[in-house]
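Please take a moment to look over the sequence and the model below, and keep both at hand while you read.

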Amino acid sequence: MSRRPRRTPRRLIAVGVAVTALATAAACSGSGSSSKGSKGPLVFGISADATQLLPWTATAVQSQQVLGQVYSTLLDQNAALAPVSGLAKLPQVSKDGLTYTFTLRSGVTFSDGSALDSADVTYSLDQVLDPGTKAVARSSLGAVRKVTAPDARHVVITLKSRDASLLTALTSVNTSIMPSDKSLDALKKKPVGSGPYAFKSRTPNQSVTLVRNADYFRGRPGLPSLEFRVIQDKNSMASALRSGSVDMAVFDDAVTARTAKSGGVTLHTVDQLDYHVLQLRADAAPFKKLDARLAVQCAIDRQQVVKTAALGQGKVVGPFTSPEFASDPAARPCPTRDPRAAKKHLAAAGEPKGFAFTALVPQGLYSSATDEAQNLQAQLADVGIRMKIETLDSSAYVDRWLAGTFDAAVALNGAGADPAPTYTRYFTRDGNFNKVAGYRSARLDKLFAEGIATTDTAAREEIYTKVSRELEDNAAWIWLYTGRSHIATSTRVHGFEPVTDVSLLSLWKTKLA
């Protein structure tokens, strides 16, 4: 699709260079909220740098948190994670379920003042569907035949087959609507979106600064500016909250979260849908044999991982964590640790004395990764499986993970209300992240197609139960647990609404007292 000239911007956002102190220094300075004043930036602590500034390809949660404030999506989610109107109203759907017609809000602009219309939507979704873009959500939109724009305010999505997960997929930051007249190279450095805040600057490994988008279509955002400040050490993060130099942060470690609590800090605890997992690549040499993967599965006590790495603040799960389609963690080979069964599988795999593999472990993406890896390593060693730990910083980890050049990876994966957008990208033959998983089968392709095509909830539950069993029986990955997130906020923060999975959608309404 060709890019068209823009209308003259109604306003321009002046872009300056943000000068930000080192995070560790800020945490120890004690300058706190008194120096910021009531109109100062809200400082949100993040554990890793937001290096991925193109929403279509962003996989790290820190980048997604930032980009969710800069960009908007065709639809949003409410507190119950159901799709609601966003840039467009909920669509009109044809009787055959193959045509979705969206009506865009009128008068929406990007942060540079240029108009957002149907050409931007068709361009954005076409880019997500283009394999060359390497978009995270390409497989989630796999049922889309074409996207057209009959006029400036209407977008029509035509499907090849029914897709019950389409509306959920259109709420993801990975399907954000971007301006069609800006080069992707430019947007990777300086994002331009229609969200509540506009990108101002990024200081690598220190901070990202956003400023209020006064023309945000939902209303005036509550803060003049937001700063996402990088503080990799969780104890330094807690200290920064207590001192007042950070206003908000999210912890997945209950103990550290409690140390952040003080007279000036409040904690909100919410459930996660994201799941902790040991990803085994079935294409990697150590795991090409099913019995080798099952040996790993049977050697692991998941509850011990929860106790050790999550300090008991977690729940053992199977592949699907959404309440509507939740997997039964007991419906798997070796639902509890069984070293004898593990050794039988090792013998069947031709490795009676065990085997070795290397697992990637991220540093900075989430706090429990190293503890999980060390616990898994110790458990596997008991049956002769030698797991070498390769720790990488967040950027290097993501690069290796996306390239699929690893045996296994300790990971915290995002999940959602609908299993299809979460899993088709990994476990279907044409999934854009299939090389990350390395596992595929004709049966899975068929089951996922059936799950997407039907709209009956009971029928979908039955289909996804079969998908879950296929994944577990073949030890495609070793699903471990879901945890709980602890959102720490300064008592100066007002209007933020904590919801499941730590959505920051309400951050635009947040104010500082």
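In this predicted model, helix α10 passes helix α12 in a right-handed crossing. The residues that make up the contact of α10 with α12 divide into three nonpolar, four polar and two charged. On the α10 side they are Gln304, Val305, Thr308 and Ala309, which meet Asp371, Glu372, Asn375, Leu376 and Gln379 in α12. If you trace α10 through residues 302-309 and α12 through residues 369-381, you will find that their axes come within 9 Å and cross at roughly 140°. An angle over 145 degrees would count as roughly antiparallel, and α10 and α12 are therefore described as oblique to each other.

The crossing of α16 and α17 is left-handed. From α16, the residues Arg443, Leu444, Leu447, Phe448, Glu450, Gly451 and Ile452 meet Arg460, Ile463, Tyr464, Lys466, Val467, Glu470 and Leu471 of α17. Sorted by kind, the residues of this contact between α16 and α17 are eight nonpolar, one polar and five charged.

In soluble globular proteins, nonpolar side chains tend to be buried together. Here the largest nonpolar core has 76 residues, and those with the most contacts inside it are Val296 and Phe427. Helix α9, made of residues 290-299, gives the most to this core, with six residues. Leaving aside residues up to four places away in sequence, Phe427 touches Asn434, Ala437, Tyr439, Leu444, Asp445, Phe448, Leu471, Ala476, Trp477 and Trp479. Apart from this core lies another, of 63 residues, which includes Ala169, Tyr197, Val502 and Trp508.

Lys134 is found in the loop between α4 (118-129) and β6 (144-151), and Lys134 has a positive phi of about 60° although it is not a glycine. Is Lys134 buried or exposed? Its relative accessibility is 66%, so Lys134 counts as exposed. Asn205, in turn, is placed in the loop between β8 (197-203) and β9 (207-212), and Asn205 has a positive phi of about 65°, although it is not a glycine either. With a relative accessible area of 54%, Asn205 is exposed, since the word is used for values over 50%.

Key: Residues numbered from 1 in each chain as written. Predicted model: local features only at pLDDT ≥ 70, side-chain atom pairs only at ≥ 80, totals over all residues. Heavy atoms only, no water. Axes fitted to C-alpha atoms, helices over the stretch in contact; angles between N-to-C directions. Helix = DSSP H or I, 4+ residues; strand = E, 2+ residues; numbered from the N terminus. Parallel < 35°, antiparallel > 145°, perpendicular 65-115°, else oblique. Left-handed = near helix turned anticlockwise from the far one by under 90°. Contact = heavy atoms within 4.5 Å. Nonpolar A, V, L, I, M, F, W, Y, C, P; charged D, E, K, R; others polar. Core = buried A, V, L, I, M, F, W, Y, C linked by side-chain atoms within 4.5 Å. Buried < 20%, exposed > 50% of the residue type's maximum accessible area, 1.4 Å probe, protein only.
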